[in-house]
Amino acid sequence: MRDPFLFLLILNLYSVITIETTEFTDPQVPVFNNSPIKVIILSLVTCGIYLIYWNIKASEVLNAVAGRPVISQPIAILAGLCTPVTAYFYYLIGKDVNPVLAEKVGPKASPMDATILAVIGFFIPLVAAFFTQSEINKLYEE
């Protein structure tokens, strides 16, 4: 590399965003255990492209947790491109998935109300993704 600063920056970012895999016993729920900081950093670095990928993967996990299709893949993709759809995406998470997620996670759950999550998702989608990823990660904690 020509620029040692860029190399060190990439190396440090990699150490911050590496994925820790854990044993997870529920075979129906895919493993998507990421650092919430990783979601924010990669979304900013890729100008939102990672957030579209994150929406798709998170919707797969959340649909599996709910036991039924709550968030379709087109909604997940459009949520990364269109602000009103983003608010709807987080509203669906708050309304249909968070109660089931709180049941599965138990006392360490801290689900947000659907309206609050939708408003945060409308104005600051990265913060809503941060909170949602934090709740998803609680599935994989022992």
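**View 1. Tyr91, a partly exposed residue with a relative accessible area of 32%.** Here, buried means under 20% relative accessible area, exposed means over 50%, and partly exposed covers what lies in between, with a 1.4 Å probe and protein chains only. The structure is a predicted model, in which local features need pLDDT of at least 70 and side-chain atom pairs count only at pLDDT 80 or more, while totals for chains, interfaces and linings use all residues. Residues are numbered from 1 along each chain as its sequence is written, and side-chain values use heavy atoms, with hydrogens and water left out. Tyr91 belongs to helix H5, which covers residues 83-105; helices (H or I, at least four residues) and strands (E, at least two) are DSSP runs numbered from the N terminus. Although Tyr91 and Ile120 are 29 residues apart in sequence, their C-alpha atoms are 9.8 Å apart in space. When neighbours within four places in sequence are left aside, Tyr91 is in contact (heavy atoms within 4.5 Å) with Ala114, Thr115 and Ala118.

**View 2. The whole chain, which has 7 helices and 0 strands.** Read along the sequence, the elements follow the pattern α-α-α-α-α-α-α. Of the 142 residues in the chain, 40% are buried. The accessible surface of the chain comes to about 8100 Å², and 66% of this belongs to carbon and sulfur atoms; such areas come from the Shrake-Rupley method with a 1.4 Å probe, and for residues only the protein chains shown count as cover. Among contacts between residues at least 6 apart in sequence, 64% join residues at least 24 apart.

View 3. Pro36 counts as buried because its relative accessibility is 13%. The C-alpha atoms of Pro36 and Val127 are separated by 9.2 Å, while the two residues are 91 residues apart along the chain.

**View 4. Cys47 in the loop between helix H2 (36-45) and helix H3 (49-66).** Most residues other than glycine have a negative phi. Cys47, however, has a positive phi of about 55° although it is not a glycine. With a relative accessibility of 75%, Cys47 counts as exposed, whereas Cys82, at 31%, counts as partly exposed. A disulfide is a pair of cysteine sulfur atoms within 2.5 Å, and by this rule the count comes to 0 disulfides.

View 5. Asn63 counts as buried because its relative accessibility is 17%. A polar atom of the Asn63 side chain lies 2.9 Å from the backbone nitrogen of Val70.

**View 6. The salt bridge between the side chains of Lys57 and Glu60 (3.3 Å, N to O).** Side chains of opposite charge can pair when their charged atoms come close. A salt bridge is a side-chain nitrogen of Lys or Arg within 4 Å of a carboxyl oxygen of Asp or Glu, and by this rule the count comes to 5 salt bridges. Lys57 and Glu60 both lie in helix H3, 3 residues apart, which is about one turn of the helix. Both residues count as partly exposed, Lys57 at 25% relative accessibility and Glu60 at 36%. The C-alpha atom of Glu60 is also separated by 8.3 Å from that of Gln73, which is 13 residues away along the chain.

**View 7. The salt bridges of Lys95 with Asp96 and of Lys108 with Glu141.** The side chains of Lys95 and Asp96 meet at 2.9 Å, N to O, and Arg68, Lys95 and Asp96 are linked in a network of salt bridges. Lys95 is partly exposed at 40% relative accessibility, whereas Asp96 is buried at 17%. The side chains of Lys108 and Glu141 meet at 3.9 Å, N to O. Lys108 lies in the loop between H5 and H6 and Glu141 in the segment after helix H7 (125-137), so this pair ties together parts that are 33 residues apart in sequence. Lys108 is partly exposed at 34%, and Glu141 is partly exposed at 44%.

**View 8. A nonpolar patch on the surface, formed by Val119, Phe122, Phe123 and Ile124.** Patches are made of residues with over 30% relative accessible area and no salt bridge, where like charges are joined within 9 Å and nonpolar side chains (Val, Leu, Ile, Met, Phe, Trp, Tyr) within 5 Å. Together, the four residues have about 400 Å² of accessible area. Phe122 lies in helix H6 (residues 114-123) and is partly exposed, with a relative accessible area of 35%.

Notes: A polar contact is a pair of N or O atoms within 3.5 Å; within protein, one must be able to donate a hydrogen and the other to accept it, and residues adjacent in sequence count only if both atoms are side-chain atoms.
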